[in-house]
Amino acid sequence: MIVTFYSYKGGVGRSMALANIADQLARSGMRVLMVDFDLEAPGLEHFFPIDQDRVRDREGLLDLLLAYKYAMSMASSEPVDGTDGEEDAFRDLDRYLSTVYPPRSDGGRLDLLAAGRRLTDDQINRYGAELRRFDWQDFYFVWSGELFFEWFRRTCAERYDIVLVDSRTGVTELGGVCAYQLADTVVTLCAPNLQNLDGTAWMVRHFLSPQVRRVRGDRPLEVLVVPARVDQQDTALLDSFAARFHHAFDAYTPDPLPAAGLRFWDLQIPYEPAYAFDEQVITDPSRAAERRGLARAYASLRSAITLLAPGTSPLAELRPPPADHRPASPSEPTETRYDPTTRFSTPDVLISYRAADREAADRLRGLLTHRGGLHVVEHFPGRSRSRDEGVRARLCLVLVGASKRLGLWQLREIEALAVRGDAAILPVLLPGATRPPDELADHQALDLRMGWNDPLLVDTVRAALRDEGGDRRTPSEEIRTPYPGRAAFSTADADLFFGREPVLDRVLATLREFRMCTIVGDSGSGKTSLVNAGVIPALRAGGLSGSHLWPVLIQASMADAQDLPDRLRALSREQGQPVVAVMDHFEDLFLSVPPDQRHVLLSSLRSLTEDSSILPIAVVRSDSLADVRRDAHSFAVCTVEVPPLTEEELWQAVELPARARGLQLEPGLTDRLLKDIGEGAGPLPLLQTALDRLWLHREDGYLTHQAYAGGIGASLTDTAEELFQRLSAEDSDRARALLLQLVALDTDGRPLAPAVPKSIADELDAADLCDKLIRRRLLVSLAQDDERPCLRLAHPALMTDWPRLATWIAQSSEALRLRPRLWAAARAWEADPDDRRGVLNERSLSAVRTALEPAPFPLSAAETAYLAESRAEAKRRRTGWRIAVFSLAFAMISGCVLIVFAFWGNASPVNMGTVGTTALANLLSALTLIRSLRDERRTLIPDP
């Protein structure tokens with residue numbers, strides 16, 4: 001969609017209106033391009049706090065038009081050496097664009113196609129000469145200008161959601177080009193005087209005339225007439241102007257506006273002296289109250305533009321609600337709390353230094369980062385991000401070493417900061433320096449020539465930053481966190497709950513069909529959040545027929561659970577509506593009841609599924625689903641599983657809540673989070689904890705890389721250490737044993753986090769401690785394919801980033817290497833206890849005795865029984881070896897004796913044969929016994 005802003009006369013705030021509409025649309029996630037078509041009086045860049053010299057030193061619209069003419073001239077002539085590619089230069093639109101708001105994760109961005117190069121005197125002279133020579137009739141009739149504008153329209157439609165064109169005032173060729181050829185909609189501003197009123201009325205009639213429609217190839221054109229600079233003080237004059245305005249323009253109102261309760265008069269922009277003198281879009285989040293005033297001034301115009309957008313355009317998503325649902329005081333669609341002209345938070349300190357002083361710069365950076373907790377950057381030539389951050393830093397430390405002059409990059413950095421005007425510069429005199437260079441003579445210096453004083457340095461830098469003033473965390477008022485941390489989402493957080501639409505749809509479909517639903521998922525999968533912030537708000541919003549009238553009762557504890565059905569029926573009779581009964585932690589409602597009393601409660605709960613006036617929603621942990629099937633089968637019929645979030649859903653859970661609060665994550669931070677979280681067993685609690693930490697340390701409306709310096713392990717290990725410090729000595733020992741049971745080492749010694757049976761906690765008498773670790777999101781309870789409940793560490797970072805657990809693992813490394821093999825061998829032996837080859841050999845038993853018996857974690861009952869059988873088998877084998885050796889010795893000796901006696905006794909050949917046979921039989925019997933004792937037992941120790 002292309003919208004041309006036009007006015008019959010100047011001074012009506014046309015460009016100001018265009019800039020503010022562009023700002024609000026870009027903040028709302030739209031891809032916006034501004035085109036400065038006022039070539040004779042350009043300057044759209046002045047409305048934004050950006051590097052305006054950079055914009056004026058870049059090619060723009062006039063250069064684009066000339067490049068097109070050159071391309072057309074080359075198309076009909078022979079190619080000239082050295083001009084390869086120049087004939088298509090106009091097609092590279094990026095060459096002529098300047099970025100105002102960098103691209104955002106929501107897709108929003110704001111670009112500017114400025115008028116042309118106008119920075120230096122030479123450039124201004126050349127620009128003026130080219131503009132005077134440019135003939136629009138020649139451009140159209142000789143150079144096929146119509147083809148250029150058709151190409152421009154197609155290219156913009158592919159790249160942008162909306163293009164806003166600032167047109168020349170009056171009856172001009174430029175005004176005609178902007179309206180006839182480009183525009184889908186013309187916004188014309190009319191000031192409250194007779195000249196503006198009559199001139200604007202004539203132009204509106206002309207824009208909507210059949211002649212213009214024929215020129216446009218029968219393409220429709222809509223017109224919005226906006227009363228501008230309307231003084232509200234004198235009501236008599238205001239009423240007079242209103243009457244004349246209605247008479248002149250109401251007949252041209254586009255159909256979508258009255259349907260939405262809008263008229264042209266509702267689009268009026270009031271006269272505000274402050275905005276008239278300071279015509280600039282407010283991007284500074286600390287001036288949020290002023291920005292709201294601007295947003296209100298242009299809200300109706302923004303709404304009217306979205307109403308005229310095609311239904312397939314992203315702009316249609318910003319259309320205002322029906323008039324009877326519209327708030328009395330409109331504001332911008334999303335009030336951002338960051339400066340959209342930036343991509344990162346403002347650094348605290350820029351360190352400027354020569355190459356010879358790199359060692360000092362490294363030391364200073366370490367001090368300010370680790371001891372001072374400051375965000376420190378330095379400028380690396382060729383890296384645009386470091387340059388942009390450096391220019392925006394609140395304080396520049398200029399290191400002055402033994403050299404008497406500043407380096408080239410230092411001079412450029414100081415010059416860029418001087419252009420800003422509000423940056424503090426603090427020279428730092430290093431050992432070997434004589435005096436500050438002339439460029440820094442007017443600045444008070446920090447003198448380190450007599451040696452480094454670390455506390456003084458940090459305190460001085462902090463004091464300089466305080467002098468700069470401003471609270472970087474809170475723009476103008478405190479805002480509610482977009483992330484709940486370790487807590488579940490509440491019903492009040494529905495506007496922050498994203499990423500669960502598919503499973504929410506399945507829950508509603510199940511309720512619609514079966515009038516009940518059981519939601520099943522692993523611990524930390526987001527079951528409670530789904531119900532609180534997803535299902536309940538959806539029902540209250542009418543997600544099912546009549547559900548907006550249904551009362552909702554949440555039962556989350558055992559208190560009064562037995563009379564729950566009676567209370568629900570009474571509530572249903574009182575309200576005359578079905579009642580939704582939410583039972584969170586459903587398994588706890590009956591598993592915690594003594595077995596002899598459980599049947600009464602279960603009978604009461606089962607009756608809920610048989611009453612049409614009650615819609616029960618049970619929330620069950622997956623490792624308890626087998627118990628529910630056994631004891632409360634009716635609740636296990638209609639189940640919806642809460643699966644792990646996909647990568648796209650995780651992205652939504654990170655980005656969209658921040659966006660709803662007007663915050664922004666620094667580029668690349670979401671990718672870092674998702675990469676780290678992807679390694680964990682229970683990503684949601686870890687993600688929410690990390691995000692809550694980032695929010696607490698936000699700067700300038702950004703969630704920053706600086707706050708995530710410790711990675712996902714920082715918040716997780718802090719939680720683990722905090723919990724451990726509160727444990728008793730006895731619980732500390734049990735916690736160590738339990739955690740080490742959840743760790744294994746691979747062949748290279750790297751720690752792994754396998755899932756182990758949850759029964760291990762009972763064997764260690766640590767069930768309560770295990771539940772505490774699960775609630776603090778350090779462990780994850782889940783069900784295997786066979787529905788056996790299992791435990792797993794929440795994230796591998798616990799094994800590497802938590803010093804306490806890392807030390808335990810190092811101390812028990814041999815035991816951890818051996819333990820999984822012993823556990824696997826014990827399970828295999830349990831499956832076939834008659835196979836004597838399944839027991840351990842002597843070498844393995846020795847290794848177990850050395851490594852595992854002194855380990856801080858006990859062996860399971862199965863492992864203990866397996867080792868006992870292996871030791872018994874080893875004892876039997878040792879006894880068998882003694883017998884075999886004795887039998888072999890006896891056979892050999894007895895055979896020799898018989899042969900000697902037979903020979904000396906002159907035995908007959910027959911008797912000699914009998915003697916030999918007897919001796920051979922004894923020998924073979926002994927060898928058979930030895931062969932039966934050949935060691936084919938299992939080994940836990942691989943061959944070297």
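Tutor: One term first, as we will be naming elements by number: helices (H or I, at least four residues) and strands (E, at least two) are DSSP runs, numbered from the N terminus. Please also keep in mind that this is a predicted model.
Student: OK, where does Asp765 lie, then?
Tutor: Asp765 lies in the loop between helix 29 (759-763) and helix 30 (767-775).
Student: And is Asp765 buried or exposed?
Tutor: Asp765 is exposed, because its relative accessible area is 59%, and the cut-off for that word is over 50%.
Student: Switching topic: how many residues of strand 5 are buried?
Tutor: Five of the five residues in strand 5, which spans 162-166, are buried, and the strand is described as mostly covered.
Student: Which way do they point?
Tutor: Ile162, Leu164 and Asp166 point one way, whereas Val163 and Val165 point the other way. In a regular strand the side chains alternate between the two faces of the sheet.
Student: What about strand 1, how many bridges join it to strand 5?
Tutor: Strand 1 (residues 2-7) runs parallel to strand 5 and is joined to it by four bridges, with Ile2 having Val163 as its bridge partner.
Student: And strand 2, in which sense does it pair with strand 5?
Tutor: Strand 2 (residues 31-36) pairs with strand 5 in the parallel sense, over five bridges, and Val32 stands opposite Ile162.

Key: Residues numbered from 1 in each chain as written. Predicted model: local features only at pLDDT ≥ 70, side-chain atom pairs only at ≥ 80, totals over all residues. Heavy atoms only, no water. Buried < 20%, exposed > 50% of the residue type's maximum accessible area, 1.4 Å probe, protein only. Pairing = 2+ DSSP bridges.
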